[in-house]
Amino acid sequence: ESQASHPSVIIPNYINSASNCLASSRFYSVCCINECESLLRPLERHIGAPDALPSEIVALVERLPSSTVDAPRQLPALLTQRLEEIAAEHGGRVPLHGRLFSQWMHHAFPRECPYPHASGATQQMTPQEFQEAVGESSSHSALSLEAEVEVCREAGALAAAAGDVASSELPWAAEEELFVHVPRHAAGGSSRGFLRAAMMLLAASSLSMATLKAAASGMAAGGLRERSEKCVV
């Protein structure tokens with residue numbers, strides 16, 4: 001609805017919205033299956049880490065089919081560039097559980113993966129919540145829907161004649177939100193980590209040697225006492 005002359009919705013967002021849930025309670029909701037989850041699952045299984053190199057993700061996604069996207073395919077250069085931009089913000093690797101990668105998946109699979117709005121930008125409502133908040137019914141008759149479609153069709157035809165056609169490029173917002181925090185390793189962090197591990201190993205070795213020496217001393221003292229008693233007898 002951001003363009004009055006060309007009203008539209010993002011299909012996967014609409015399908016996965018709370019308005020399409022059949023039943024709900026305080027504990028659960030019965031909603032449509034999010035097809036993007038079945039696309040993210042093989043990526044997580046093959047990568048086996050919370051983040052990955054852009055080249056790894058591109059190679060996997062180009063071989064990943066969906067119900068509307070055939071594979072293998074070659075990703076557009078713009079998609080590869082977007083992925084490299086995400087990696088540049090995270091030390092060369094792309095976090096798999098962040099808003100920017102979810103947005104990238106929406107561009108790679110626009111009919112399966114929903115567009116990830118920033119936190120607080122939208123507020124989903126169930127049909128009952130909408131009716132209570134707006135005071136209007138959340139459903140329409142078939143005749144009213146046909147009338148709405150006709151109005152939109154006429155508005156679209158007028159916009160096309162005037163040259164006011166909506167851009168086919170999907171929206172992109174460079175705003176990151178990490179759902180799983182992955183700490184960044186500062187320069188020299190690996191050497192400090194190695195030094196810390198070496199020091200811990202040295203301390204453990206010293207403790208083990210001290211324990212072995214104490215045990216050996218105890219055994220030797222016990223042997224002397226035993227020989228001494230035999231001599232006395």
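This is a predicted model: local features need pLDDT of at least 70, side-chain atom pairs count only at pLDDT 80 or more; totals for chains, interfaces and linings use all residues.
1. **The nonpolar core.** The largest nonpolar core is made of 26 residues. The residues with the most contacts inside this core are Ile57, Val61, Leu83, Phe101, Trp104, Met105 and Phe109.

2. **Who supplies the core.** Which elements give two or more residues to this core? They are the helices α2 (35-47), α3 (54-61), α4 (77-88) and α5 (99-108). The largest share comes from α5, with five residues.

3. **A closer look at Met105.** If you leave aside neighbours within four places in sequence, Met105 is in contact with Cys36, Leu39, Leu43 and Cys113. Two of those names, Cys36 and Cys113, return in point 5, as they form a disulfide.

4. **The disulfide of Cys21 and Cys31.** A disulfide is a covalent bond between the sulfur atoms of two cysteines. This structure holds two of them. In one, Cys21 is joined to Cys31, with an S to S distance of 2.0 Å. Cys21 sits in the loop between α1 (11-15) and β1 (23-24), and Cys31 in the loop between β2 (29-30) and α2, so the bond ties together parts that are 10 residues apart in sequence. The torsion about the S-S bond is about 95°, so this disulfide is right-handed. Cys21 counts as buried, at 18% relative accessibility, whereas Cys31 is partly exposed at 38%.

5. **The disulfide of Cys36 and Cys113.** Here the sulfur atoms are 2.1 Å apart. How far apart in sequence are the parts that this pair ties together? The answer is 77 residues, because Cys36 lies in helix α2 and Cys113 in the loop between α5 and α6 (127-134). With a torsion of about 85° about the S-S bond, this disulfide is right-handed. Both Cys36 and Cys113 are buried.

6. Counting bonded cysteines along the chain, the disulfides follow the pattern 1-2, 3-4. Cys32 is in no disulfide. The nearest cysteine sulfur to Cys32 is that of Cys31, 7.2 Å away. Cys32 is partly exposed, with a relative accessible area of 37%.

7. Helix α4 has 12 residues and spans 16 Å from its first C-alpha to its last, close to the 16 Å expected at 1.5 Å a residue. Its buried residues are Leu79, Arg82, Leu83, Ile86 and Ala87. Why are they on the same side of α4? They cover an arc of only 140° around the axis. An α-helix has 3.6 residues a turn, so residues three or four places apart point the same way. On the other side of α4, Ala77 and Ala88 are exposed. The buried residues pack against α3, β4 (94-95) and α5.

8. To finish, find Val58 in helix α3. Is Val58 buried or exposed? With a relative accessible area of 12%, Val58 is buried. Not counting residues up to four places away in sequence, Val58 touches Leu75, Thr80 and Leu83. The C-alpha atoms of Val58 and Leu79 are separated by 9.1 Å, and these residues are 21 apart along the chain.

Technical notes:
Residues are numbered from 1 along each chain as its sequence is written. Side-chain values use heavy atoms; hydrogens and water are left out. A nonpolar core is a set of buried Ala, Val, Leu, Ile, Met, Phe, Trp, Tyr and Cys residues joined through side-chain atoms within 4.5 Å. Buried means under 20% relative accessible area, exposed over 50%, partly exposed in between (1.4 Å probe, protein chains only). Helices (H or I, at least four residues) and strands (E, at least two) are DSSP runs, numbered from the N terminus. Contact means heavy atoms within 4.5 Å. A disulfide is a pair of cysteine sulfur atoms within 2.5 Å. The expected span of a helix is 1.5 Å times one less than its number of residues. The arc is that of the directions from the helix axis to the C-beta atoms.
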